[in-house]
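Please keep the sequence and the structure in view while reading.

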Amino acid sequence: MRGRIGWALVCLMLSGTVFAEPYFAVQQGVKCVTCHVNPTGGGMRNAFGDTWARTILPAHTIDTGGGEEWSGNLNRFVALGANLRASGSYVDTPHQQSQSAFDVDEARLYLELTAIENRLSVYLDQRVAPGGSNNLEAYGRYWSADHSWYIKAGQMYLPYGLRLEDDSAFTRTVPGINMTTPDRGVEAGLETTHWSAQFAVTNGTASGSENDQGKQYSARAEYVLSAWRAGASYSFNDAAAGQRQLAGVFTGVRTGPIAWLAEGDYVTDDGFPEGERKQLVGLLEANWLISQGNNLKLTAEYLDPDNDVDEDEQTRYSAVWEYTPMQFLQLRLGLRVYDGIPQNDLQNRKQAFVQMNAFF
Amino acid sequence: MRCMALAAAAIGLVGCAGNGDGLDENGRPIQGGPPPLTATFDSIQQNVFTPICTQCHIGAGAPLGLRLDEASSYAMLVNTPSVEVASLLRVKPGNPDASYLIQKLQGTAAVGSRMPLNNPPLPQATIDVIRQWITDGAQGPSATSGMASPAMRGVSPAADDILAAAPQEVLVQATTELDTTRLSTDNISLIRSGLDGSFEEGNEVIMKPLRIEVRSMQPTVVALMLPKNQWVPDSYQLTIAGAGPAPVTDMTGRAINGGNGTTGDDFVMHFEIGGTL
């Protein structure tokens, strides 16, 4: 079993033919900060990001008749953004009645208020649906004059690994750092021509109130070239409920029309009732840009939920067609196949979905 | 197209799922296997909380501090206020509709997403079993040590925790049902060290007024609360008497064992606020 895990990891981490979403950045050969307000990606797009989503991403662009185009900036000091995901899904779980449902997956509003242009701003990411409103990110950020470093304080998503859109990916759920688990603290970042690095000190409570003396320390560093990028992440949460350590590597490679992403993470957590548990997760993803506005995403994921227990591994395979018919609108049609131990029905479900994502 | 075929082949190398040999439904080595899902806490813990909820709600990173592992879930759910909507109890015995747990599982909560997050909703039949457990009074785990005298355990904070800030409350759980009519400040005391980290110097400070709230009966979960301004950075010692004139006992009159198995010993637990001592 260990040999197979090792082979999977080697494939994930080293092979040039192994590929993985921040795939836009890999396709374009740029860093996350090129298109996002947040240097670590995700959330509100900046003026360049909105312009790219309006002109380069879609299969067709609806002509607005020469009127003013959306760039997110109401003026030099106030910028807005929004994101809505609504879906219909069908889930087939062995020995259970199949489920089908329409859902609002999430609706988010973004606001950036700039007090000193390009230097000092306040950023808010508010989830307004489904259910009531709750805040996900709220921080103040200061940029150096040459934009080579920044510091932010408040509530934020932690820097770790590839910031995939899909929070249900094993590499997002098992490390527990994703866009549903922000934390409160301070983050410092470095942005040079090829390097993007961050270090954060936070409560380690996933935005809950601080309940112990320990803190969570998270670091991420990425080296970015036009055709490829590679990076590493580390996080240590010194919590009363148990110490949790994450270590991971990730990469992105562009080969012609395909953008590949790969990530592998090793998680140790001694907060489990039986003591320490070691977990291993991996992701490999290929994004084939079939034509402008058409992307086919194939993803394979691996999870070993306890390294000391044999034959408990899980995999998840996904195929998602992403069609962007016009600016600021994407339709996604996908199939996910979960494969786990036969005793657990949920680990062997199949899911089909269609999703609409409006973003600007 | 050749590139995509290569991509598909490479992705296929990621690995295979385990065959589950020797494992139970939760992927743990077989030790009897979980019972069928029934409206009891043990069954719900083993069929729902452990295999599904503890994918996230466990250990240091448990969202909103809500841990749903076997050792923590009962005390953290039953009669305990929700963090997201403080006016609601996570589980209100006898009233599933007013229980925040049910609202989160049914997707009707006022805040946040439906649980389990990023997984398909629980089948309605499963939710109905949990509703039934709540309707039946949200009874606790079955006693595992029928002959042993009752023992106590700190749930939040746990023994020897170092807290950065004052706790909302001190939550302790017994292994069985206690005679709660005996619980009082005569046999439950909370003192702080007097800023020297020691409890033998004679300068200790008795924390009061200490409010004792029984959260559940079987097993007994007790929350101890103080006015917020009473908490200061210091070492704290919680003592629940198993000896003396007014010991804490179970319903049969057996005194608690303090954790070492000897009936009639005091339960003593320490924790610290500030971490400077």
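In this predicted model, B:Ile191 has B:Ile206, a residue of strand E5 of chain B, as its bridge partner. Strand E4 of chain B (residues 188-192) and E5(B) pair in the antiparallel sense over two bridges; strands count as paired if DSSP finds at least two bridges between them. Helices (H or I, at least four residues) and strands (E, at least two) are DSSP runs numbered from the N terminus.

E4(B) and E5(B) belong to an open sheet of five strands in chain B, with the order E2-E9-E8-E4-E5 and mixed pairing. E2 and E5 (205-206) of chain B stand at the edges with a single partner strand each, so one side of each has no neighbour in the sheet.

Chain B as a whole has five helices and nine strands, and its pattern along the sequence is α-α-α-α-α-β-β-β-β-β-β-β-β-β. The table lists values for this chain.

| Property of chain B | Value |
|---|---|
| Span of the C-alpha trace along its principal axes | about 80 × 40 × 40 Å |
| Buried share of the 277 residues | 43% |
| Share joining residues at least 24 apart, among contacts between residues at least 6 apart in sequence | 57% |
| Mean pLDDT | 83 |
| Residues with pLDDT of 70 or more | 90% |

A residue is buried if 20 or more other C-beta atoms lie within 10 Å of its own, with C-beta atoms placed from the backbone. Two residues are in contact if their C-beta atoms, so placed, lie within 7 Å. The pLDDT is the predictor's confidence in each residue, from 0 to 100.

Turning to the interface, 57 residues of chain B are in contact with 67 residues of chain A. Helix H1 (2-12) and strand E2 (162-163) of chain B each give two or more residues to this side of chain B, and H1(B) supplies the largest share, seven residues. By class, the side has 36 nonpolar, 14 polar and seven charged residues; Ala, Val, Leu, Ile, Met, Phe, Trp, Tyr, Cys and Pro count as nonpolar, Asp, Glu, Lys and Arg as charged, and the others, Gly among them, as polar. For the complex, the predictor gives an ipTM of 0.71 and a pTM of 0.72.

In chain A, helix H3 (residues 47-55) has the buried residues A:Gly49, A:Asp50 and A:Ala53. Seen down the axis of H3(A), these fall within an arc of 100°, so they line one face of the helix; the arc is that of the directions from the helix axis to the C-beta atoms.

Residues are numbered from 1 along each chain as its sequence is written, while chains are lettered from A and ligands numbered from 1 in the order in which they are written. Local features need pLDDT of at least 70 and side-chain atom pairs count only at pLDDT 80 or more, whereas totals for chains, interfaces and linings use all residues.

Definitions and conventions:
A residue is buried if 20 or more other C-beta atoms lie within 10 Å of its own, exposed if 12 or fewer, and partly exposed in between; C-beta atoms are placed from the backbone.
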